[in-house]
Amino acid sequence: MNSERSTIIRKKDLSLWERMYIPEIVKGMKLTIRQMFAPTFTTQYPDERFQPPASFRGRPVLVEENGVERCVACGLCSRVCPALAIEVQAGETELGKERYPEKFEINMIRCIFCGFCEEVCPEEAIIMSQEYELAFTKPQDALFGKDKLVVPIEKVQTRLNFLRANR
Amino acid sequence: MSEIVTTPPTSSTGRTLRTEEMILNMGPQHPATHGVLRLELVVDGEIVVDVIPHIGYLHRCFEKHCEHMTNYQQVIPYTDRMDYVASMTNEFGFVVAAERLLKIQVPERVEYIRVIMAELQRIASHLIAIGTYGIDIGAFTPFLYCFRDREKILDLFEMTCGARLLYNYMWVGGLSHDIPPDFIPKAKEFCAYFKPNIKELNDLLTYNEIFVKRTANVGVLPADVAINYGCSGPMLRGSGVDWDLRRDDPYSIYNKFAWDVCVGKGEMGTVGDCWDRHIVRAREMEQSIRIIEQALEQIPEGNVQAALPKRIRPNPGEVYARIESPRGELGYYIVSDGSATPYRIKARSPAFSNLSVINEISKGAMIADMVAIAGSIDIVLGEVDR
Ligand code: SF4
Ligand code: SF4
């Protein structure tokens, strides 16, 4: 600090009145008091919930249509995932799509909500939902299997509409 | 202002007492270090003799990870996580580098949207810097108003790309998707709303006598030292060096807008003190608003995904591209071996170089001033450690 390249200018010592900084504090308090009568800009969280817009990227889910998930277990999403969060194992089925995911697991501790899986999926089978409340007490709870991932199509319709309009 | 006692203390019997320097650890859990930074202070009483920063608590192997991606696009979410309060500019730097390597030209509309996003991000980042700096000095109130305004910017980002902090919005060759139709009116509304708030913030904090007393003449960084240590951004401009990559090494379309580079002039004390660094950030927000307003007026129509390459396979070669992030010169050095995976990526992070100067500027300061000095550097440890 006291290097030769710079000189320190010290103003003279303050008087007692100046040292109390009363005008400065009054100036700050004026804004605070004005703000007390302005509308609040906070949300009372558990009582009032935040409604995400359609563009929001919440946890990824698998879309279920007519009782079966759309996924054909092509494995593209697990290949594109930068965090290596997805594990897919394919099985054969009698249905028209021929292949289905026998096991589909997303490790929600690893997932970084980037949305690449949704972007790459050829069947619109994996979708970023609007759910954002994801807290676990045990790491095992964070392994979301098909039981937690598959959701009916009605629940993600807003996101599907958004993707149609923007892709 | 007490004088420094030079005579050695004596005991009641008149014997000379031995004194020695003490080592004091500031951090990694210290609230004023803005993340997990440990500063080892060697103190002589109340005077700081030496400062040794210990970093690396947030190291996540960014560069090594990139070598193991299956393509270039996958690197982008990782760049987001370097400087997590200015993710948009991190992506911006990477896509500019990758596009130079691929030699692709992105559509005009994409450039405009990128500039708007980057400048909004600069405001958001400076708001955090200013707000938390207020807390360091002991002014809690401005922080809340800063966060109120930052929230409005995050809302704009959220309606565009779906995330509030880590966007993954700018892709190599374009954007993940276009801005929604109501973005432009909302962004204009924000600019009109925010301009008076900058003045309010300056009245509340910048020109507050208490704040000035704590920051003026503290942590003086002379211009030649700043240059020698590779400081950039508001750190360098605060020392009176007129250098901004947006003007001096133009990338994207910054040369289309009229705006000024803000430099510290030592209005409250010495050129290059903490107050100068603070005022540069406050004034840069005004300039960012100017850029955004011009860009919103001129933005052309077009398809933002037209130039997205199907497969990104650059020819063997290397490139270094740098942009002006809110903290300074953010550079990416990419080496390609012709495959779809980057061979090597090196990130030059501004906060790392800025932090290295802390020892130089805090020698001889009081311990209480250390907090003011460390805060004025505006480090983000995610970027220092990567
Ligand atoms: S979710 Fe989509 S991308 Fe992933 S395996 Fe199923 S069909 Fe393929
Ligand atoms: S959102 Fe990203 S990180 Fe999460 S599962 Fe999909 S691709 Fe992987």
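A residue is called buried if 20 or more other C-beta atoms lie within 10 Å of its own, exposed if 12 or fewer, and partly exposed in between, with C-beta atoms placed from the backbone. Keep that handy for the first stop.

You have a predicted model open: local features need pLDDT of at least 70, side-chain atom pairs count only at pLDDT 80 or more, and totals for chains, interfaces and linings use all residues. Residues are numbered from 1 along each chain as its sequence is written, while chains are lettered from A and ligands numbered from 1 in the order in which they are written.

**Stop 1: a helix in chain B.** Of the 25 residues in H11(B), 18 are buried. From first C-alpha to last, H11(B) reaches 37 Å, close to the 36 Å expected at 1.5 Å a residue (that is, 1.5 Å times one less than the number of residues).

**Stop 2: a sheet in chain B.** Now pick up E1, E2 and E3 of chain B, an open antiparallel sheet in the order E1-E2-E3 (strands pair if DSSP finds at least two bridges between them). E1 (22-26) and E3 (47-54) of chain B sit at the edges with a single partner strand each, so one side of each has no neighbour in the sheet. Between E1(B) and E2(B), residues 38-44, there are 5 bridges; click Leu24(B) and you'll find its bridge partner, Leu41(B), in E2(B).

Stop 3: Jump to E6 (317-325) and E7 (328-336) of chain B, antiparallel over 9 bridges.

**Stop 4: the ligands.** Show ligand 1: 13 residues surround it, with Cys71(A), Cys74(A), Cys77(A), Cys121(A) and Ile126(A) the closest (a residue is near if its C-beta atom, placed from the backbone, lies within 6 Å). That shell has 11 nonpolar, 1 polar and 1 charged residues (Ala, Val, Leu, Ile, Met, Phe, Trp, Tyr, Cys and Pro count as nonpolar, Asp, Glu, Lys and Arg as charged, the others, Gly among them, as polar). Ligand 2 also has 13 residues around it, the closest being Cys81(A), Cys111(A), Cys114(A), Phe116(A) and Cys117(A).

**Last stop: where the chains meet.** Select the 28 residues of chain A in contact with 36 of chain B (C-beta atoms, placed from the backbone, within 7 Å). Helix H2(A), residues 22-36, gives the largest share of chain A's side, 5 residues.

Definitions and conventions:
Helix = DSSP H or I, 4+ residues; strand = E, 2+ residues; numbered from the N terminus. Contact = placed C-beta atoms within 7 Å.
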